[in-house]
Amino acid sequence: VAKRLEKFKTTIFTQMSMLAIKHGAINLGQGFPNFDGPEFVKDAAIQAIKEGKNQYARGYGVPDLNSAVAARFKKDSGLVVDPEKEVTITSGCTEAIAATMLGLINPGDEVILFAPFYDSYEATLSMAGANIKSITLRPPNFSVPIDEFKSIISKNTRAILLNTPHNPTGKMFSREELETITSLCIENDVLVFSDEVYDKLAFEEDHISIASLPGMYERTVTMNSLGKTFSVTGWKIGWAIAPPHLTWGVRQAHSYLTFATSTPMQFAAAEALRTSETYYEEMKKDYMHKKEILVEGLKDVGFVVHPSSGTYFVIVDHTPFGFENDVAFCEYLIKEVGVVAIPTSVFYLNPEDGKNLVRFTFCKDGDTLRAAVERMKAKL
Ligand code: GLN
């Protein structure tokens, strides 16, 4: 393997989902729903295939989807963007992240991450040759340590990576935090790469796109996807929205990474994004119910459960059960209890920072969540 990837292991999600199958454990690890996406979205994909929409799509997206993404972004953030010049369709948000890093970061550029961070950020930054710095968000609230942030960001910083609602903690960056980040990014001429794939799973307050804050649009790449919102994580449809000068970099990388994204799925995605607000309301209500089942259950089991105000994840502190670290705890949980969770230490530059924390997902039906809780009650 190339040196830039030497330090990375098989992704934790792959490892854990394989172990779930091997041990017949209930998988509350990798974030994928165990229920299907809506019929109208699936029908739209079938129809597109039958209608012969099966050859390469236009590289930066089928026009209908570029327009649907721009229209959805306007509804959600108030920003008016040009679907032709400022929207790029990618193979999932993971590709949008990779294309953004590879298209806009030079070797040696300094990029700041908030830890814990989604694993692909560090890997794709390594591929781009970035100089990675991180700032650790700590429980219970995972707030941004402003003084530390101020001491790390400088004129040498090229970009920061933001993720709100935040995987794995369920934190949502507050307006105040986003404003502080904004003023420091403007002052130091720093770009923001903002992963907002859980924007529709914001349970307490509305999601805020940092691009909508004054002075930010011109320096922000906003990334999102279809998978979480429409329970089709396997479709791998994502996008990046950015002003033309940044879109150029993203598109150049995208052109040579994947060239184009699945054509029929793009047509179906456009149909999905045109759905009514009721769909999103219902989905959110449903997830709030699931969250309650899991959170109350985890408390009964005896975990310290940290508040989750967005995403379909919740972070707990496992130390009441006396294990050495998150990996040891998760191993026991899989082999002896029959439940899979994600150890969080892989989401930090310094793994020690995550050793007390594990992540559970609640994107599963109620019976599955209850069954997992029962197993833990019986065996922990
Ligand atoms: N985003 C999903 C999660 O956090 C995992 C996606 C993947 O497996 N790479 O669980």
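Q: What does DSSP have to find between two strands before we say they pair?
A: Two strands pair if DSSP finds at least two bridges between them. In this predicted model, strand 3 (residues 110-115) and strand 4 pair in the parallel sense, over six bridges. Within that pairing, L113 sits opposite S134 of strand 4.

Q: Which residue stands opposite L113 in strand 5?
A: That's L161. Strand 3 and strand 5 run parallel and are joined by four bridges.

Q: What is the order of the strands in the open sheet of seven?
A: Read it as 2-8-7-6-5-3-4, with mixed pairing. Strand 2 and strand 4 (131-136) are at the edges; each has a single partner strand, so one side of each has no neighbour in the sheet. Ignoring direction, neighbouring strands in this sheet are turned by 20° against each other on average.

Q: Is strand 5 largely enclosed or left open by the rest of the structure?
A: To judge that, count neighbours: a residue is buried if 20 or more other C-beta atoms lie within 10 Å of its own, and exposed if 12 or fewer do. In strand 5 (residues 157-163), six of the seven residues are buried, so the rest of the structure largely encloses this strand.

Q: And why does K3 count as exposed?
A: K3 has 7 C-beta neighbours inside 10 Å, so it falls on the exposed side of that cut-off. You'll find K3 in the segment before helix 1 (12-23). Its C-alpha atom is 39 Å from that of F35, which is 32 residues away along the chain.

Q: How many residues of helix 4 are buried?
A: 12 of its 13 residues are, so helix 4 is largely enclosed by the rest of the structure. Among the buried ones are G92, C93, E95 and L104. The elements covering them include strand 2 (87-90), helix 5 (119-128) and helix 8 (244-257). You can check the length of helix 4 (residues 92-104) too: at 1.5 Å a residue it should span 18 Å, and its end C-alpha atoms are 18 Å apart, which agrees.

Q: What does helix 8 lie across?
A: Helix 8 lies across strand 2, strand 7 and strand 8, and it runs at about 25° to strand 2.

Q: What do the buried residues of helix 9 pack against?
A: They pack against helix 2 (39-50), helix 3 (63-77) and strand 2. Helix 9 (residues 263-273) is mostly covered, with nine of its 11 residues buried. P264, M265 and F267 are among them.

Q: What is the pairing in the open sheet of four strands?
A: It's antiparallel, and the order is 9-10-13-12. Strand 9 (304-305) and strand 12 (342-343) are the edges; each has a single partner, so one side of each is left without a neighbour in the sheet. Further in, five bridges pair strand 10 (residues 313-317) with strand 13 (residues 357-361) in the antiparallel sense, and V358 in strand 13 is the bridge partner of V316. Helix 11 (residues 326-337) lies across strand 12 and strand 13, at about 45° to strand 13.

Q: Which residues are around the ligand?
A: They are T11, F13, Q30, G31 and N167. Sorted by type, this shell has one nonpolar residue, four polar and no charged.

Key: Residues are numbered from 1 along each chain as its sequence is written. This is a predicted model: local features need pLDDT of at least 70, side-chain atom pairs count only at pLDDT 80 or more; totals for chains, interfaces and linings use all residues. A residue is near a molecule or strand if its C-beta atom, placed from the backbone, lies within 6 Å of it. Ala, Val, Leu, Ile, Met, Phe, Trp, Tyr, Cys and Pro count as nonpolar, Asp, Glu, Lys and Arg as charged, and the others, Gly among them, as polar. Helices (H or I, at least four residues) and strands (E, at least two) are DSSP runs, numbered from the N terminus. The expected span of a helix is 1.5 Å times one less than its number of residues. Two residues are in contact if their C-beta atoms, placed from the backbone, lie within 7 Å. Axes are lines fitted to C-alpha atoms, for helices over the stretch in contact, and angles run from 0 to 180 degrees between N-to-C directions.
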